[in-house]
Protein chains: 2
Amino acid sequence: MATIKDVARLAGVSVATVSRVLNKNGYVNQETELRVLAAIDQLEYQPNLVARTLANKRSGTIALILPDITNPFFPELARAIEDVARSHQYTVILCNSDDQFAREISYVELLAQKYIEGIIFASNTLSTEDIIRLKNQKLPMVVLDRALDYGYCNVVRCNNYLGAKLAVDHLLSIGCQKIAHISGAAPFITAMERLRGYEDRIRTYEWSSPDLTEPGHFTLEGGRQATLELLRRHPDLDGIFAGNDLMAIGALKALRQLGIEVPRQVSICGFDGIALTEITEPELTTVAQPIYEMGATAAKLLFAEIQGTLENKQVYELDVSLIQRASTERSGDVVESKDSGRR
Amino acid sequence: MATIKDVARLAGVSVATVSRVLNKNGYVNQETELRVLAAIDQLEYQPNLVARTLANKRSGTIALILPDITNPFFPELARAIEDVARSHQYTVILCNSDDQFAREISYVELLAQKYIEGIIFASNTLSTEDIIRLKNQKLPMVVLDRALDYGYCNVVRCNNYLGAKLAVDHLLSIGCQKIAHISGAAPFITAMERLRGYEDRIRTYEWSSPDLTEPGHFTLEGGRQATLELLRRHPDLDGIFAGNDLMAIGALKALRQLGIEVPRQVSICGFDGIALTEITEPELTTVAQPIYEMGATAAKLLFAEIQGTLENKQVYELDVSLIQRASTERSGDVVESKDSGRR
C-alpha cells in the first residue's frame, strides 16, 4: 500500500508539503497542490484517519451530551444531529449525563483526549464558569435551552415565553375561566420562561393567583401529583397549561383517576410536541417546539464553528406553534358547564 | 509535559517496554512493570489517547448501528449499551441506518478507518455474507434479533416464539373466542417467530384461519389499517395479538374510530413492552422484552470479545414476560358479550 513518502517522491515534493495538502493547513501553491493530488490519485494513497487525527488533532467525530436518551424529547434531537453530522461525514458520540455534573465533566475530559472536534450540550448542569473553561480549551460547542451565557457560545432554543402565552391564549379562547400551570424544574430557562409567559398572560384576570401554579419537575408522575394538588386547592379550575408534554400526560392520568372528563370539564395543553401527544386519549393539544430543526440548527452551527466560518456567538430562538387536538376541543356549551357542579 | 522517553529514562527501560506496559501487550516482568508504573506516576505522564489509538489500533469507542433512534424501542437499548460502555471507559457512536443496506456498509467502512473496536447491530439489512465479510476484518460484533448466522457472531434476542404463545394463551384465558394476529415485517425473525407462535397456539381451534392474520409492518399506521381489514373480514373477532406495541396502539386507534370498546368487545395484547404502553387509554397489555437487559447483554458480550475472553459464538435468548393491563381486563360477562350483536 502506498505511503505518504511514495506520494512525496512521485510528486517531487517533501513529505511536509504532502501533509500540508492533506490537512489543508499552511500555504501550498496551486500547481504543487495539483501535483500532490495527482500523485495521491495515481497511487491510490489512503491517508490513515487515525494518523491524520494525530497530525490534525481532528477525529471526524462530535459528541452529543444529553440527560437521557430515553426521555422522549431527545431521540428526535439526536436523530437530527446525526443526520447533519453524516452529511459532513462525521460520526456522533452519544453521552447520557443524567444531568449529573460530575459525569458531564468526566465526559468532556475523556472526549477532549480523543480529539473530539465539538460538543453539543443538551444537558442542564454546566455553569457559565464551566462553559468559559471549555471555551479556553478552544473546543467548539453549542448549547441548547440555555440563558445567554454572555456570548461564550452559540445557543439554540425555542421561544418559550411566547409559547406559554400561545397556550394560555388558546385555553382562554375555548372558554376556560380558571387556568392553572404545572411548572418545570426551577432553575432551567425552559421552566422559568414558560412560567413567566403564563403569569404575564393571566395577570389581569381576577382569578389569577400564585397558588394556581404547582411544580411538576418535567416528569409524568410530577405532573400527576401536581394536578391532584391543584385540584385540591382549586376544584373549579377548568384549564391546565403544563410546562411540558410528559407533565400534561400525568395531568390526563390524574383527571381520569378522579373521573373528570377531558376536555369537557378540564382542558389541557402541553408543551414540546413530542410524538407521545398523538398516542394519548384524548390526543393532546401542545405547543410544539421544532425539535428536529433545533437539533439540525445546533449541528449546523457546530460545523460552522469547526470550519471557522462562524463569527459571532449568539442565541438562535426558533418559533413554536400550537397544535390543537382533542384535549382542548370543546363544544359550544363550555361556559355553562363551568358552574354545573361537576364534582 | 513528560514524554514516553522521559518515563523510559527514569524507569531505566526502553521506550518499547514502556509501550508494552501501557498497551498491556507482550511480556513484561512484574518488577519492571512496577518500575514503569512508578515512573509514570512520578512524572504525571499522560499517554496521548490518539497516539495510543495509532499504536494499538484501539480507540476506546464502539458503534451502535440501529434503524432509527426515534423508534421507541431503541432509546432504552441505546441507553443500556452506553451505560455498559461507560463502565468500561468507552464511548458509543450512534448510527441511524434507516434499515438502508448502503448506509450500513458506508458506516462500517467509515468506522473501521477510525479503529472502532466493535459494532453492535440492531438493524436488519445485513446478510450473512456481509457478516462473514465483517468477521474477516476481525471486527468484534454482536447482532440483535437475528437468525443464527451460522455461528459467525454472537446474537442476542428474546424468545419471540414463546412470547407469542404467552400472548395468545392470555387472550384465551380471559375468554376470547376468535383471536386475530397483526404480523410484523416479513423476513425478520422477530416477525416470523411471533407469527409461528400464534399459529401453533390457535391451530387446533375450529375458528383458526389464515385470513385471521394481516401484516402491519411494525408501524402504528400499519397496525391501524390491518385492524380495519381484519374487522372487515371477521366482524366477530374479539381478541387481537399485535406483533409489536406500535401496531397494538394502531389497533386501539382503529377500534376507537369504529366505536368498538376495548377490552369489553375486543381485547388487545402487544409485544415489546415499550413505555408508550402505559400512556394509552386503556393501558396496553404486552409481552415485554427485557429491552435494557438485551442492550446490556449485547454490550457485555462485545466487550468480552474485544478483551478476548469469549470463546464461542452463540445465541443468547432472553426471557419475555406478560404484563397485564386494562386492554385485556374483562369482567365476568365476557362469554355472553360475544353474541350480543355489538356491530
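Colleague: In this predicted model, which helix of chain A holds both A:E229 and A:R232, and about how many helical turns separate them?
Modeller: A:E229 and A:R232 form a salt bridge. They sit three residues apart in helix 10 (residues 220-233) of chain A, so the separation is about one helical turn.

Colleague: How far apart are the closest N and O atoms of A:E229 and A:R232?
Modeller: A:E229 is partly exposed, at 22% relative accessibility. A:R232 is exposed, with a relative accessible area of 58%. Side chains of opposite charge can pair when their charged atoms come close. Here the closest N and O atoms of A:E229 and A:R232 are apart by 2.7 Å.

Colleague: Which residue of chain B forms a salt bridge with A:E283?
Modeller: The closest N and O atoms of this pair are 2.5 Å apart, and the partner of A:E283 is B:K253. A:E283 lies in the loop between strand 9 (267-272) and strand 10 of chain A, and its partner is in helix 11 (residues 245-257) of chain B, so two chains are joined by A:E283 and B:K253.

Colleague: Is B:K253 buried or exposed?
Modeller: A:E283 is partly exposed, with a relative accessible area of 25%. B:K253 has a relative accessible area of 16%. Buried means under 20%, so B:K253 is buried.

Colleague: How many residues apart are B:D272 and B:R194?
Modeller: Their side chains meet in a salt bridge, at 3.7 Å from N to O. B:D272 is in strand 9 (residues 267-272) of chain B, and B:R194 is in helix 9 (residues 189-202) of chain B. Both B:D272 and B:R194 are buried. The pair links distant parts of the chain, and the separation is 78 residues.

Colleague: Which residues are linked with A:D68 and A:D98 in a network of salt bridges?
Modeller: The count of salt bridges over all chains comes to 40. In this network, A:D68 and A:D98 of chain A are linked with chain B residues.

Colleague: How many disulfides are found over all chains?
Modeller: A disulfide is a covalent bond between the sulfur atoms of two cysteines. The closest cysteine sulfur to that of A:C153 is in A:C95, at 17 Å, so they are too far for a bond. B:C153 is in no disulfide either, with the sulfur of B:C95 nearest at 17 Å. A search of the whole structure gives zero.

Colleague: What is the relative accessible area of B:C153?
Modeller: A:C153 counts as buried, at 1% relative accessibility. B:C153 is also buried, and its relative accessible area is 1%.

Colleague: How many residues does the largest nonpolar core have?
Modeller: Those with the most contacts inside the core include A:L64 and B:L64. A:L64 touches residues including A:I81, A:V92, A:I93 and A:I120. Another core lies apart, of 34 residues, among them A:I65, A:C95, A:C153 and B:Y107. The largest core has 150 residues.

Colleague: How far apart in space are B:M141 and B:V155, C-alpha to C-alpha?
Modeller: B:M141 is in strand 4 (residues 141-144) of chain B. It is buried, with a relative accessible area of 2%. Among the residues B:M141 touches are B:F121, B:C153 and B:L302. B:M141 and B:V155 are 14 residues apart in sequence, and their distance in space is 9.2 Å.

Colleague: Which residue has the backbone nitrogen that the side chain of A:T285 reaches?
Modeller: A:T285 is in strand 10 (residues 285-288) of chain A. It is buried, with a relative accessible area of 0%. Its contacts include A:H170, A:C269, A:L322 and A:T328. At 2.8 Å, the side chain of A:T285 reaches the backbone nitrogen of A:R325.

How values were computed:
Residues numbered from 1 in each chain as written. Chains lettered and ligands numbered in written order. Predicted model: local features only at pLDDT ≥ 70, side-chain atom pairs only at ≥ 80, totals over all residues. Heavy atoms only, no water. Helix = DSSP H or I, 4+ residues; strand = E, 2+ residues; numbered from the N terminus. Buried < 20%, exposed > 50% of the residue type's maximum accessible area, 1.4 Å probe, protein only. Polar contact = N/O pair within 3.5 Å; in protein donor to acceptor, adjacent residues only side chain to side chain. Contact = heavy atoms within 4.5 Å. Salt bridge = Lys/Arg side-chain N within 4 Å of Asp/Glu carboxyl O. Disulfide = S-S within 2.5 Å. Core = buried A, V, L, I, M, F, W, Y, C linked by side-chain atoms within 4.5 Å. Lists of a residue's contacts leave out its neighbours within four places in sequence.
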